[in-house]
Amino acid sequence: MRPLRSLLIVYCKGVCMGAADAVPGVSGGTIALITGIYERLIAAITAVTPTRIVEVLAAPLPGRRDDARTAFLAVDGPFLLALGAGVLSAVLVATRLLHVALESEPIVTFGFFFGLIAASAVVLRTQASLDTPGRVGAAVAGFLLAFLSAGRAAAALPASPVVTVAVGAVAISAMVLPGISGSLILVILGQYEFLVSRLTAFVDGLLGLLVGGSVEAVLDPATTVVAFLVGAVVGLFTVAHAVRWALVHYRYATLAFLVSLVVGGLRAPVVKAGENLSAGWTADALLAFGLAAVVGAVLVGVLEYYTDSIEI
């Protein structure tokens, strides 16, 4: 009974992580840190190897069950499954709500994102040390990359499975870092709204099958969803490990780059909100955007209050 209760608690923490991962500005890694599972999560992810994956997948074969069980436990499989189920549950619900919000109230929604991102940048300001030319250069590069990409990446990046795989690999690496939001990366790259709409369409298609809907309604968005998942898996084994290597060998320069990405990313929600304003930035639009930003900033402030220190 105790193991089941423990896994249920992990599932609930996964729900919190998934809800955070779905929103630009708040990192699921931050929630993992707050709930006390960050070190266990990183240990489990880095324990996953191609050999162990093959051993687990070979479980149905004769005489391979014991090896599969050993490999599954070596990567903390029960923990990863429970956490992953919680993350997936929350992402499916949160993205549906965000899809509605982006469709009905884009100015308020992007204002909320702006507040989340701005407050995250303030919380993370102590992580970036700019006391050497190399660290200053890394910070400038991170800021310019995010600032110049915002509003232009959507036009430059075609909506193709290859691009979605690459975007998934980059986004998942940010999702496992406290403070750096994978969803923010998606906003900067101009892929957030597209991916949210495709995931919503995919879930709607699956639900439609239960009442006699067409298979085509599932297959069309499924290509995007599968491509993102493939990229996420690739990212966990490549990009995320590369980021960890950079943090070990060039810690402060890497932190300066990552935090500057957040600061430069502040332009993205402003640009996206402006695209939805036919009459430009009127006083009412500025007020709605500003009030929503305050709500987002307060939310991050509450999270930071309950965390002794957010450290990447």
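**Ground rules.** I number residues from 1 along each chain as its sequence is written, and I leave out hydrogens and water, since side-chain values use heavy atoms. In this predicted model, local features need pLDDT of at least 70 and side-chain atom pairs count only at pLDDT 80 or more, while totals for chains, interfaces and linings use all residues.

**Entry 1, H3 and H6.** I took helices as DSSP runs (H or I, at least four residues), numbered from the N terminus. I looked up helix H3 (residues 38–47) and helix H6 (residues 77–104): their axes come within 10 Å and cross at roughly 110°. That makes H3 roughly perpendicular to H6, a word used for angles of 65 to 115 degrees. Axes here are lines fitted to C-alpha atoms over the stretch in contact, and angles run from 0 to 180 degrees between N-to-C directions. The H3 and H6 crossing is left-handed, meaning that the near helix is turned anticlockwise from the far one by less than a right angle. From H3, the contact (heavy atoms within 4.5 Å) uses Arg 40, Leu 41 and Ala 44, and from H6 it uses Phe 79, Leu 80 and Leu 83. I sorted these residues into 5 nonpolar, no polar and 1 charged. For the classes, Ala, Val, Leu, Ile, Met, Phe, Trp, Tyr, Cys and Pro count as nonpolar, Asp, Glu, Lys and Arg as charged, and the others, Gly among them, as polar.

I found Asp 76 in the loop between helix H5 (65–74) and H6. Its phi is near 55°, a positive value in a residue other than glycine. Which residues does Asp 76 touch, not counting those up to four places away in sequence? Asp 76 touches Arg 40 and Ala 44. I also noted Ala 47, which is 29 residues from Asp 76 in sequence and 8.3 Å from it in space, C-alpha to C-alpha.

The axes of H6 and helix H7 (residues 106–123) come within 5 Å and cross at roughly 120°.

H7 packs against helix H17 (residues 283–305) at about 40°, with the axes 6 Å apart. That makes H7 oblique to H17. The crossing is right-handed, the clockwise case. The contact divides into 17 nonpolar, 4 polar and 1 charged residues.

I read a volume of about 1600 Å³ for the largest pocket. A pocket is an open set of points on a 1 Å grid where a 1.4 Å probe fits, with protein on both sides within 12 Å along at least five of seven lines, and lining residues have an atom within 4 Å of a point. The volume is the space filled by probe spheres set on the points, which are joined across faces, edges and corners. Of the 45 lining residues, Gly 84, Ile 172, Leu 229, Ala 232 and Leu 236 are the closest to the centre. Which helix gives the most to the lining? H6 does, with 11 residues. The lining divides into 36 nonpolar, 6 polar and 3 charged residues.

How values were computed
Helix = DSSP H or I, 4+ residues; strand = E, 2+ residues; numbered from the N terminus. Parallel < 35°, antiparallel > 145°, perpendicular 65-115°, else oblique.
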